[in-house]
Amino acid sequence: MREQKKNIYNKVLYCLEIEQVFLKPSFSLTEFSAMVGTNTTYLSNTINDCFKCNFNVLINQYRVEYSKQLLVDDTVMLSDIPQMSGFTSRSAFYAAFSKIEGTSPLIYRQVCKLLQKKKRRRSIDNDQPSTKKRNSQEDFSAERKDIFSNEDM
């Protein structure tokens, strides 16, 4: 990676990870390039090359990841999450979330609640974890299927 691109990449990461600039609803490529200290073309090319997506997709990925943290917190109302995550509207939030996660925010929250209950129950009962290890995505998929099958009843 060229030195200039590496510097831009590091500044992008800093702005996203530390400053959380993606939380600003009207955040633009022009504004981001000024923060990073480069022009929009260099910034866009760096994002495309290093993150393998465009500016809008990158910002939405960060917003969705942030919203997932809010979704597991029962004290945060679902209706407040789009604005808190930097989305300009509820529909933009639902579209981005569904595209990235493959499910709606509501289903995601319900599955997370179920997984938390199961973990608490497991620790309370002192059950040994099953011999079959699954990753969190498999747990999420299995719980999602359970929710959908229960809704059909």
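1. Ground rules. The model is predicted, so local features need pLDDT of at least 70 and side-chain atom pairs count only at pLDDT 80 or more, while totals for chains, interfaces and linings use all residues. Residues are numbered from 1 along each chain as its sequence is written, and side-chain values use heavy atoms, with hydrogens and water left out.

2. α1 against α2. Helix α1 (residues 3-18) packs on helix α2 (residues 29-36) at about 110°, with the axes 10 Å apart. Helices here are DSSP runs (H or I, at least four residues), numbered from the N terminus; axes are lines fitted to C-alpha atoms over the stretch in contact, and angles run from 0 to 180 degrees between N-to-C directions. The pair is therefore roughly perpendicular (65 to 115 degrees). The crossing is right-handed, that is, the near helix is turned clockwise from the far one by less than a right angle.

3. Who touches whom there. From α1 come I8, K11, V12, C15 and L16, and from α2 come F32, M35 and V36; contact means heavy atoms within 4.5 Å. By class, that makes seven nonpolar, no polar and one charged (Ala, Val, Leu, Ile, Met, Phe, Trp, Tyr, Cys and Pro count as nonpolar, Asp, Glu, Lys and Arg as charged, the others, Gly among them, as polar).

4. α1 against α4. With helix α4 (residues 55-71), α1 packs at about 30°, axes 11 Å apart, and the crossing is again right-handed. V12, L13, L16 and E17 of α1 meet L58, I59 and Y62 of α4. The tally for this contact is six nonpolar, no polar and one charged.

5. The two faces of α2. F32, S33 and V36 are the buried residues of α2 (buried is under 20% relative accessible area, exposed over 50%, partly exposed in between, with a 1.4 Å probe and protein chains only). They span an arc of only 100° around the axis, so they sit on the same side of α2; the arc is taken from the directions from the helix axis to the C-beta atoms. These buried residues pack against α1, α3 (40-51) and α4. T30 and A34, on the other side, are exposed.

6. Positive phi. G37, which follows α2, has a positive phi near 85°. Two non-glycines are worth a look too. Q20, in the loop between α1 and α2, has phi near 50° and is partly exposed at 32% relative accessible area. K52, in the loop between α3 and α4, has phi of about 60° and is exposed at 68%.

Technical notes. Angles under 35 degrees count as roughly parallel, over 145 as roughly antiparallel, 65 to 115 as roughly perpendicular and the rest as oblique.
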